[in-house]
Amino acid sequence: MSLKRKVFIHLCIWLFFFLVNLHALEKNPYYSLPSLNLSVLSVLIQLLPVVLLFYTNYSILLPNFLLKKKYLSYFVLLLIATTISIFIKQYLGDFLKFNQMIEFSTGSYQATLFFFSYVPLILSTALKVLDNWQESESAKLELIREVKQTELLYLKSQMSPHFLFNTLNNIYGLSLKSSPETSHAIHQLKDLMLYVEEFENHQKIA
C-alpha cells in the first residue's frame, strides 16, 4: 500500500471517530459548550485515548507479539492497554463533564465506551493484517522479478559468442557432409534465439 493511500485511510478513520464522538456529545442533554470551537476541542481531547489505543495495537502489539505468534503476551498487553485507555477516557470524560450522560442513559454510555474501546482495536488489527498481506505480495512479486532476471541473464550467457561459434561450426560441419540434420540444427538455433527474445519482452513463457 502506498504511503498516500495509507495516510488517506487513517485520516478517514479518524474523521469517522471524530464525527461519531461529536454526535454523541450533541446528544448529551447534560452537556453544553458556549461555542463550536470548544465542542471540537472537547471531542479531540476525548479522542486522545482512542488514538493511543489504536496506534499502540497497530505499531507495537501487533507486529511485535501477535504476528510473531506470541499470543499470550499479546492478549495480556492488549488487556492492559485497553484498561489504561478506558481509564484515561473515563478521567477525561469526568473532567469535561462528558460522562454525565451516564445519569441519563446507562446503556447509551456503555455502548459509547464499548465503541471507542474495541472498534479501534478491530480497525487497527484489520489495517495491520492488510498492510502485512500487501507487503508479502510485493515481496513475492519482487522475488519473481529477480528470478526472471536471473534466468534471463543465464539464457543470455548461453548465447555468448563462444556458444554461437561452436553451434555455427557444428552446423557448418553438417553442411559439408550434406547431412539431413543441418536444417534441423539451424531450426533449433533459431528457436533458441527466439525464446531468449520472447523471454526478455514478456512476463511469462509457456
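**Helices, cores and individual residues of the predicted chain**

Lys 69 is placed in the loop that joins helix 2 to helix 3 (71–95), where helices are DSSP runs of H or I with at least four residues, strands are runs of E with at least two, and both are numbered from the N terminus. The structure is a predicted model, in which local features need pLDDT of at least 70 and side-chain atom pairs count only at pLDDT 80 or more, whereas totals for chains, interfaces and linings use all residues. Residues are numbered from 1 along each chain as its sequence is written, and side-chain values use heavy atoms, with hydrogens and water left out.

The phi angle of Lys 69 is near 65 degrees, a positive value in a residue that is not glycine. Most residues other than glycine have a negative phi. Lys 69 is exposed, its relative accessible area being 64% (exposed means over 50%, buried under 20%, and partly exposed in between, with a 1.4 Å probe and protein chains only).

The secondary structure of the chain consists of 7 helices and 0 strands, and 30% of its 206 residues count as buried. Among contacts (heavy atoms within 4.5 Å) with a separation of 6 or more, 71% are between residues 24 or more positions apart.

The largest nonpolar core has 13 residues, and those with the most contacts inside it are Ile 13, Trp 14, Phe 17, Leu 47 and Phe 54; such a core is a set of buried Ala, Val, Leu, Ile, Met, Phe, Trp, Tyr and Cys residues joined through side-chain atoms within 4.5 Å. Helix 1 (3–27), helix 2 (36–66) and helix 5 (106–158) each supply at least two residues of this core. When residues up to four places away in sequence are not counted, Ile 13 touches Phe 54, Leu 123 and Leu 127. Another core, of 8 residues, lies apart from this one and includes Leu 62, Leu 66, Leu 78 and Ala 81.

Lys 128, in helix 5, is buried yet has no salt bridge, and the nearest side chain of opposite charge, Asp 131, is 4.9 Å away; a salt bridge requires a side-chain nitrogen of Lys or Arg within 4 Å of a carboxyl oxygen of Asp or Glu, and Lys and Arg count as positive and Asp and Glu as negative, with His and the chain ends not counted. Lys 128 touches Tyr 58, Leu 62, Pro 63 and Leu 67, again without counting residues up to four places away in sequence.

Ile 84 lies in helix 3 and, at 42% relative accessibility, counts as partly exposed.
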